[in-house]
Amino acid sequence: MVDESGTVERLLRLVPTGAVAALAGASALAGSYASAGFTGGFVVAPIESFLTAVMPDAAVNFAITVLGDLGQSLNLLMAFAVGVAVFGSFGLLGTAVSRRTPAAGAIFTLLLSWATAYGLTGAPALAFGAAVPPAGVVVFAEFLRRYPETKGEPHGRREVLGTAAGVGSLSVFSYLLGSRSTGTETLGEIGLSTSEAKEAEELLSKADERSLGVEGLEPLVSDGFYGVDINSVDPNVDESEWTLTVTGEVEEEITVTYDELTSKEASHRFSTLRCVGETLNGRKMDNALWTGVPLWEIIERANPGGDCDCVMLRASDGYYEEFPIDATRDGFLAYGMNGDALPRKHGYPARALIPGHWGEINVKWITEIEVLDEEATGYWEERGWQGTGPVITVAKLHAVNDLPDGRKQVAGHAYAGTRGIEAVEVSTDGEETWNEATLSEPLPETAGEPPEATGQTPYGEDVWRQWVYDFDGEDGDTVTVRARDGNGNLQPEEERDRFPSGPSGWVSREV
Ligand SMILES: Nc1nc2c(c(=O)[nH]1)N[C@H]1C(S)=C(S)[C@@H](COP(=O)(O)O)O[C@H]1N2
Ligand SMILES: [Mo]
């Protein structure tokens, strides 16, 4: 149908520059995503890392402590905008060239986009994903410019709608192509013996049985494990190319491949992680059953020396954390999580687990353990955090329910690292009196050896417990909760912000 008022036609003539740029930029990103998925081959990934790297520490800390996950989303959004602008400008330059020599314009855009994508990602083949679509847009724009009319009639609404539909379906197609991900294999498929895989299943069902089943409370093995990453786009590591090497002050460098790692005798451990940068009653604390091997067995083979008794762990995403080597004695090198291969988001192919310490030294996508001679500074410590030490005891209050009998129910999780949780106390009268909550049975019976170096307690190895408390209360009552660790120490009352060494205080909440 012909647009009688000619509006569409006029628009087509008036807005081409902006539209061509936006379309070229967006199509480059869509094409790149389609060919690479959410990996380092996606042009937005290096742009985002670059933005994070050039952002002043104060801004990074503001983003983390004030904006939280939103800060990371904003950064990613900014990276998308920069990407659209960069590739869009190549499209624009191409259309300018097209006016003189039609074919040259598209080729110009193709080459410039390809070279930029290659430069950004280092992936020559995938770079075509970002280069072909904007070149196509240049051809299309030149076509419209030269032939504003076909069969004597101006391009109408139908063509415009057709183009929009084409771009739309291309985007959906790109999304589907791009959203292939790794880490969905079961442990059986990654070389675990049947009995080892069965053991994991049994431990998981034990955790299920021991979960208190309170409405609105995560089970003992988290349904959705939180994630904290320095980049929005996680590394996509090919396990056949992955190695972990013990380097630095060692008698002999030791390198382990994925095949070697997964063919060792596997063990399973429950281990809770908590981020030092979360809020006191936040959600960045979760528990999983991990499968792998003791980390120390690998480090020990290298015969570590060095004058600082400290190590630097490094990873494929450019992350690095330093801490005392003694903490690695109880450490674990995990390649499985909850009966499946470690998901990409949590460090596929392998991550370190350091019992009792803040999440940040549990390095994902680990590639190197460097034994040092001198103290060095880790990624977060360079930004002012002090998160390499043991966790602070905490009891969280996440579930508030009205029971059928009219009573109130409050519940949550408590975690004190390797000190374990001995008790959780609840006050409903403004901290006058305290009552013991009911705790979930501890989850200690793992197939692995118990930790030796850190203060092992009978209550748990490095695992949270659930607590629940029912009482006669009314809407608007304030409930305060605090935990006692396995050494009998009360959770610190002093209220302290999460920056720089983790939040402390007792959680109080109106029910
Ligand atoms: N390589 C790498 N390891 C990492 C991080 C990271 O950004 N890169 N984040 C750390 C932080 S701050 C935390 S709290 C935990 C979170 O682990 P999760 O994402 O599996 O929950 O991983 C740690 N290990
Ligand atoms: Mo963290």
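This note goes through the ligand site, the aromatic contacts and some backbone details of the predicted model.

1. **Ground rules.** The model is predicted, so local features need pLDDT of at least 70 and side-chain atom pairs count only at pLDDT 80 or more, while totals for chains, interfaces and linings use all residues. Residues are numbered from 1 along each chain as its sequence is written, chains are lettered from A and ligands numbered from 1 in the order in which they are written, and side-chain values use heavy atoms, with hydrogens and water left out.

2. **Ligand shell.** Ligand 1 is surrounded by 20 residues. A residue belongs here if one of its heavy atoms lies within 4 Å of the molecule. Tyr226, Asp317, His346, Arg351 and Lys364 are the closest. By class, the shell holds eleven nonpolar, four polar and five charged residues. Nonpolar covers Ala, Val, Leu, Ile, Met, Phe, Trp, Tyr, Cys and Pro; charged covers Asp, Glu, Lys and Arg; the others, Gly among them, are polar.

3. **Polar contacts of the ligand.** A polar contact is a pair of N or O atoms within 3.5 Å; within protein, one must be able to donate a hydrogen and the other to accept it, and residues adjacent in sequence count only if both atoms are side-chain atoms. A backbone N or O atom of Tyr226 is 2.6 Å from a ligand 1 oxygen. A polar backbone atom of Val228 lies 3.0 Å from a nitrogen atom of ligand 1. The side chain of Asp317 places an N or O atom 2.7 Å from a ligand 1 nitrogen. Alone, ligand 1 exposes 540 Å², and the protein buries 99% of that. These areas come from the Shrake-Rupley method with a 1.4 Å probe; for residues, only the protein chains shown count as cover.

4. **Aromatic pairs.** The count is 17 aromatic pairs. Rings of Phe, Tyr and Trp (its six-membered ring) pair if their centres lie within 6.5 Å; planes under 30 degrees apart are stacked, over 60 edge-to-face, the rest tilted. Trp385 and Phe499 are edge-to-face, at 4.9 Å centre to centre and 85° between the planes. This pair links distant parts of the chain, 114 residues apart. Trp385 sits in the loop between strand S12 (366-371) and strand S13 (394-395), and Phe499 in the loop between strand S20 (478-485) and strand S21 (507-510). Helices (H or I, at least four residues) and strands (E, at least two) are DSSP runs, numbered from the N terminus.

5. Buried means under 20% relative accessible area, exposed over 50%, partly exposed in between (1.4 Å probe, protein chains only). Trp385 is at 3%, so it counts as buried. Phe499 is at 34%, so it counts as partly exposed. Tyr469 and Phe471 are stacked, because their planes are at 15° with the ring centres 5.9 Å apart. Tyr469 is buried at 14%. Phe471 is buried at 5%.

6. **Cluster and charges over rings.** Tyr33, Phe38, Phe42 and Phe80 make up one aromatic cluster. A charge sits over a ring if NZ of Lys or CZ of Arg is within 6 Å of the ring centre and within 35 degrees of the ring normal. Arg383 lies over the face of Tyr379, 3.7 Å from the ring centre. Arg482 has its charged end over the ring of Trp506, at 4.9 Å from the centre.

7. **Two buried strand residues.** Val426 belongs to strand S16 (residues 421-427). Its relative accessibility is 0%, so Val426 is buried. Arg269 is in strand S5 (residues 267-274). Arg269 is buried as well, at 12%. A polar side-chain atom of Arg269 lies 2.8 Å from the backbone oxygen of Asp330.

8. **Cis peptides.** The bond from Tyr348 to Pro349 is cis, with omega near 10°. Pro349 is in the loop between strand S10 (340-341) and strand S11 (351-353). Phe499 and Pro500 are also joined by a cis peptide bond, omega about 5°. Pro500 lies in the loop between S20 and S21.

9. **Positive phi.** Asp309 is not a glycine, yet phi is positive, near 50°. Asp309 is in the loop between helix H11 (295-301) and strand S7 (310-315). At 51%, Asp309 is exposed. Asn338 also has a positive phi, about 50°, without being a glycine. Asn338 is in the loop between strand S9 (332-337) and S10. At 23%, Asn338 is partly exposed.
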